[in-house]
Amino acid sequence: MENEKKLESFVLVHNIAKRHNVGTLARSATAFGVSEMILVGRRDFNAFGSHGSTSHVRFRHFHSLADAKTFLKERDCDICGVEITDNAVAVNEHPFKRSTAFLLGNEGSGLSAKECEICDFFVYIPQYGCGTASLNVTVAASIVLHQFGVWAGFSERTREGNKFIVAERPFKQAKKNYCAETSESIAEERRLKRENLSNGFFEDTGKEESPTNLLDTLFND
């Protein structure tokens with residue numbers, strides 16, 4: 001493995017079905033050294049379950065998977081789909097080559113064809129018991145991110161007593177967990193929302209959603 005350049009990991013959040021929200025994913029992301037969480041689609045997020053960890057990971061927003069892919073490729077970053085496919089490799093075999101962004105599938109339907117198209121390779125998590133067909137997205141993310149950290153040689157955090165030491169908060173998130181955008185981006189988001197409503201992707205309640213819950217629809221049970 002060549003370590004001349006700093007290795008980084010990213011979490012790509014798109015079209016997750018159940019209420020394992022961005023806050024909970026952020027907690028796992030900070031534990032395993034993720035550089036950024038990339039939100040595709042809606043840019044507000046619910047920080048419930050993060051235990052303050054959203055202040056220790058940077059958030060970035062894109063309106064489309066194509067834009068997110070362009071950003072990652074400019075950083076010489078592979079995109080890894082976490083999904084059981086014919087060519088998927090067990091994650092504990094560490095099939096990594098460089099910095100990697102992990103895209104996790106929807107629990108009900110897995111990765112969509114559109115999501116698979118942007119992936120460079122796929123990994124799956126081996127299971128040894130017979131009682132469940134899959135893991136929830138937060139558990140899956142934790143396992144995959146930990147395996148990448150082992151491969152990349154990330155330094156283990158210092159411990160104190162029976163816990164790891166938490167650093168000072170380096171990032172100040174907006175008051176309502178909001179990835180700030182330009183007026184043009186906001187207009188584009190509203191256009192996409194109307195399009196999603198017309199396609200039946202989001203339920204139209206006839207009311208504006210709470211600013212702190214705009215991403216919550218993505219994580220409903």
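Tutor: We need one term before anything else: a residue is called buried when its relative accessible area is under 20%, exposed when it is over 50%, and partly exposed in between, as found with a 1.4 Å probe on protein chains only. By that rule Phe148, at 0% relative accessibility, is buried, whereas Phe154, with a relative accessible area of 29%, is partly exposed. Please keep in mind that this is a predicted model, in which local features need pLDDT of at least 70 and side-chain atom pairs count only at pLDDT 80 or more, while totals for chains, interfaces and linings use all residues. Residues are numbered from 1 along each chain as its sequence is written, and side-chain values rest on heavy atoms, with hydrogens and water left out.

Now to the rings. A pair of aromatic rings is described by the distance of the centres and the angle of the planes. Rings of Phe, Tyr and Trp (for Trp, its six-membered ring) pair if their centres lie within 6.5 Å, and the planes make the pair stacked when under 30 degrees apart, edge-to-face when over 60, and tilted otherwise. The structure holds eight aromatic pairs. In one of them, Phe102 and Phe148 have ring centres 5.7 Å apart and planes at 75°, which means that the pair is edge-to-face. This pair joins distant parts of the chain, since Phe102 belongs to strand β6 and Phe148 to helix α4, 46 residues apart; helices (H or I, at least four residues) and strands (E, at least two) are DSSP runs numbered from the N terminus. Both Phe102 and Phe148 are buried. Phe148 also pairs edge-to-face with Phe154, at 6.0 Å centre to centre and with 70° between the planes. Taken together, ring pairs link Phe96, Phe102, Phe121, Phe148, Trp151 and Phe154 into a cluster.

Charged side chains complete the view. A salt bridge is a side-chain nitrogen of Lys or Arg within 4 Å of a carboxyl oxygen of Asp or Glu, and the structure holds seven of them. Lys73 and Asp120 form one, their closest N and O atoms being 2.5 Å apart; Lys73 lies in helix α2 (residues 65–74) and Asp120 in the loop between α3 (113–117) and β7 (121–124), 47 residues apart. Lys73 is partly exposed at 31% relative accessible area, as is Asp120 at 41%. Arg98 bridges to Asp76 with closest N and O atoms 3.6 Å apart. Arg98 sits in the loop between β5 (89–90) and β6 (100–104) and Asp76 in the loop between α2 and β4 (78–82), so this pair ties together parts that are 22 residues apart in sequence. Finally, Lys73, Asp76, Asp78, Arg98 and Asp120 are linked in a network of salt bridges.
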